[in-house]
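Below is a walk through one protein chain and its two ligands. Please keep the sequence and the structure in view while reading.

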Amino acid sequence: MSTILILIPRWHPQVWHQAFVKRSINHEIRLWPDQAGDLNDIEYVCAWHPPPGVLRMLPRLKAIFSMGAGVEHLLADETLPNVPILRMTDPELTCRMTEYVTMNVLSYHRRRSLYDFQQRNRIWKPESEHRTSDVTVGMMGLGVLGLHSADMLRQFNFNVVGWSLTPKQLSFQTYHGTDGLPRFLAGTDILVCLLPLTSATRGILNLSVFRQLSRNGPLGGAYLINAGRGKLQIEADVVQALSEGSLDGAAMDVFEQEPLPSSSPLWAHPKVTITPHVAAGLPTEALVDIVLSKIEQIETTGIVSDEVDRKRGY
Ligand code: NDP
Ligand code: OXD
């Protein structure tokens, strides 16, 4: 039996508490802050944007679970204790992200917003057709999520190119590092961002990057799909790029500030598609099961999987 603390002040802690209690008869479940009990008991923490300083108050902590794949919300705490950080990876979560990416790439490829507009205005006007192989999708981030999305898009026969920090040997064209970025961007019609937020990637989706995208492809412009993190993008630059034509559309699941303030010009922008950070959302029970099986693995085998490299920041 282990003692697990739920530390997710931004979500609905009671819902999570109930889900954990229901599915883990072998564990004692505590809830931050009111039902945390004696902090000396806590062995595992499930955290999402924990208040800085709380985790260092847990002397018997064995591991910290990020309740998402991203971990910047944990690494921001300078007092983080030196125990393994496990991030959320799971085949279902990966498939959810691939659905989101594929849905938006297909929307741009099949001119969804144009035909929606035409329907609303009773216009019958077929556009010229093009093949998926004529469209280049540039995948920023070739990790768990980026690679799975890339594979799916290649099944549709899109021309996929990729960009990562380190070199890769894959069956499609890849680029890496700052030196490889301009060549990666120059051929890209639809830019998909599945990067983690680190000091190197913050603000990477900016006007200079948008202006380097290809605008000569069959879509007649360039498109952005960002489901990585909001602080990867400069939102004022997205708006500027859309008005000057460096971008023709943007599908955004994540934002500099979440919830996206009602004053944001993105809400009403005709070329922007907004979802409220749900690209790879899973039901609470599914996430609880993932954590519980990882705890079981640690307790029975000592193996810690999906551990974050703190130096890299992801
Ligand atoms: P991974 O850690 O598996 O992959 C990260 C990828 O980004 C790697 O290919 C890595 O390169 C690349 N990368 C990191 N830093 C740089 C850099 N400075 N320059 C170029 N490439 C870089 O992450 P996942 O695929 O699992 O997830 C990616 C992100 O997606 C998460 O961090 C999270 O922020 C976001 N996310 C969003 C969700 C949502 O619902 N909106 C849900 C889940 C995740 P290399 O391979 O060389 O190491
Ligand atoms: C994640 C997320 O990081 O949902 O998993 O954003």
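Q233 touches L205, N226, M252, V254, F255 and E256, leaving out residues up to four places away in sequence; contact here means heavy atoms within 4.5 Å. The residue sits in the loop between strand 10 (223–226) and helix 8 (235–244). Helices (H or I, at least four residues) and strands (E, at least two) are DSSP runs, numbered from the N terminus. Q233 is buried, with a relative accessible area of 1%. Buried means under 20% relative accessible area, exposed means over 50%, and partly exposed is in between, with a 1.4 Å probe and protein chains only. The side chains of Q233 and E235 are joined by a polar contact of 3.0 Å. A polar contact is a pair of N or O atoms within 3.5 Å; within protein, one must be able to donate a hydrogen and the other to accept it, and residues adjacent in sequence count only if both atoms are side-chain atoms.

The model is predicted: local features need pLDDT of at least 70, side-chain atom pairs count only at pLDDT 80 or more, and totals for chains, interfaces and linings use all residues. Residues are numbered from 1 along each chain as its sequence is written, chains are lettered from A and ligands numbered from 1 in the order in which they are written, and side-chain values use heavy atoms, with hydrogens and water left out.

Three further loop residues can be taken in turn. A279 lies in the loop between strand 12 (272–274) and helix 9 (284–301). At 6% relative accessibility, A279 counts as buried. Beyond its neighbours within four places in sequence, A279 is in contact with R96, M97, Y100, A227 and D253. For D253, which is 26 residues away along the chain, the C-alpha atom is separated from that of A279 by 6.3 Å.

H269 belongs to the loop between strand 11 (249–252) and strand 12. H269 also counts as buried, at 18% relative accessibility. Its side chain reaches the backbone nitrogen of K271 at 3.0 Å.

I123 is found in the loop between helix 4 (112–120) and strand 6 (136–140). Is I123 buried or partly exposed? With a relative accessible area of 36%, I123 is partly exposed. Its contacts, leaving aside neighbours within four places in sequence, are F117 and Q118.

Now the ligands. Of the 29 residues around ligand 1, L142, L145, T166, K168 and Y314 come nearest; a residue is near a molecule or strand if one of its heavy atoms lies within 4 Å of it. An N or O atom in the side chain of T166 is 2.5 Å from an oxygen atom of ligand 1. A polar side-chain atom of K168 lies 2.6 Å from an oxygen atom of the ligand, and a polar backbone atom of G228 is 3.3 Å from an oxygen atom of ligand 1. On its own, ligand 1 has 940 Å² of accessible area, and the protein covers 93% of it. Accessible areas come from the Shrake-Rupley method with a 1.4 Å probe; for residues, only the protein chains shown count as cover. Helix 5 (144–155) and strand 7 (159–164) are the elements that give two or more residues to the shell around ligand 1. The shell residues divide into 16 nonpolar, eight polar and five charged. Ala, Val, Leu, Ile, Met, Phe, Trp, Tyr, Cys and Pro count as nonpolar, Asp, Glu, Lys and Arg as charged, and the others, Gly among them, as polar.

Around ligand 2 are W48, G68, A69, G70, R229 and H277. This shell has two nonpolar, three polar and one charged residue. A polar backbone atom of A69 is 2.6 Å from an oxygen atom of ligand 2, and a backbone N or O atom of G70 lies 2.8 Å from an oxygen atom of the ligand. For H277, an N or O atom in the side chain is 2.5 Å from an oxygen atom of ligand 2. Taken alone, ligand 2 exposes 210 Å², of which the protein buries 77%.

The chain as a whole has nine helices and 12 strands. Its radius of gyration is 21 Å, close to the 20 Å that the globule rule gives for 314 residues, so the chain is as compact as a globular protein of that length. The radius is taken over C-alpha atoms, and the rule is 2.2 Å times the number of residues to the power 0.38. Buried residues make up 52% of the 314 residues.
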